[in-house]
Amino acid sequence: MAKIEILPVPTRILTDKDNIVDAIEKYTKNQVGPNDVISVAESVVAITQGRITRPEDIKLSFLARVLCRFVPPEGSLASPYGMQALMNVEGHFRVLFAMIFGVLGKLVGKSGVFYRLAGEQAALVDDVTGTMPPFDKYIVYGPKDPEKVADEIKNRLSCYGAVVADVNDLKRSRIVGITDGLDGTEIAGLLIDNPFGNASQKTPIVIIKNYAQYQAENKH
């Protein structure tokens, strides 16, 4: 009977000078088999794509200073810089109307309205301290074309599949890029305890060993 094993892979600090697929190939060499799924942290994918900016390079608007107050304090958008970063990529009016409808939604018991309306980056922007040093001094946007990144990883490593995952220590886990044939909800559940290292661990890559074999055996 196959057993799934979650295997974090240590790396050096990856930067915007790295190619994420090359880095995964280098650090997972001889550890990945045809039954395995490779998962990589979305913030590290974004960093290697250069999707970062310093707060001091962001011009704050009055609207960002106001709207950030409606976000729970643990969220990246609770910072005026995080909110402004979102507004810069998704549009000021879109974020404003999303917030209005989000507040109205909460009044009638509906949660998550803001994040559904504010655009993909609303759930992906990491404010300062939201990722590993030295990028804890930067605002990190969500990755570009995460589905394409996942496909490139699978093709290069000849593994069963690959995902780009957004996971944190608050038991929040979701898949933002995934190859065909994988169950994103199931894999998000496997990663719920956040095996990615966001600090000194430097383990932005996780191999889910024996996933294909386990999945096949449990279908019968």
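Let's start at a charged pair. Asp16 and Lys17 join their side chains in a salt bridge, at 3.7 Å from N to O. This is a predicted model, so keep that in mind throughout. Asp16 is partly exposed, at 37% relative accessible area. Lys17 counts as exposed, at 72%.

Next pair. Arg156 and Glu25 form a salt bridge too, at 2.9 Å, N to O. Arg156 is partly exposed, with 37% relative accessible area. Glu25 is partly exposed as well, with 34%.

Third pair. Glu56 and Arg54 meet at 3.5 Å, N to O, in a salt bridge. Glu56 counts as exposed, at 56% relative accessibility. Arg54 is partly exposed, at 31%. Shared partners also matter here: Asp22, Glu25 and Arg156 are joined by salt bridges into one network. The salt bridge count is eight.

How many residues does the largest nonpolar core have? It has 38. Ile20, Ile24, Ile153, Ile175, Ile187 and Leu191 have the most contacts inside this core. Several elements supply at least two core residues each, including helix H1 (20-27), helix H7 (146-157) and strand S5 (161-167). Strand S6 (173-178) and helix H8 (184-190) are also among them.

Take Ile20. Leaving out residues up to four places away in sequence, Ile20 touches Leu14, Val40, Val44, Val45, Thr48 and Val149.

Last item. There is a second, separate core of 19 residues. Leu86, Met87, Phe114 and Ala122 are among its members.

Conventions: Residues are numbered from 1 along each chain as its sequence is written. This is a predicted model: local features need pLDDT of at least 70, side-chain atom pairs count only at pLDDT 80 or more; totals for chains, interfaces and linings use all residues. Side-chain values use heavy atoms; hydrogens and water are left out. A nonpolar core is a set of buried Ala, Val, Leu, Ile, Met, Phe, Trp, Tyr and Cys residues joined through side-chain atoms within 4.5 Å. Buried means under 20% relative accessible area, exposed over 50%, partly exposed in between (1.4 Å probe, protein chains only). Helices (H or I, at least four residues) and strands (E, at least two) are DSSP runs, numbered from the N terminus. Contact means heavy atoms within 4.5 Å. A salt bridge is a side-chain nitrogen of Lys or Arg within 4 Å of a carboxyl oxygen of Asp or Glu.
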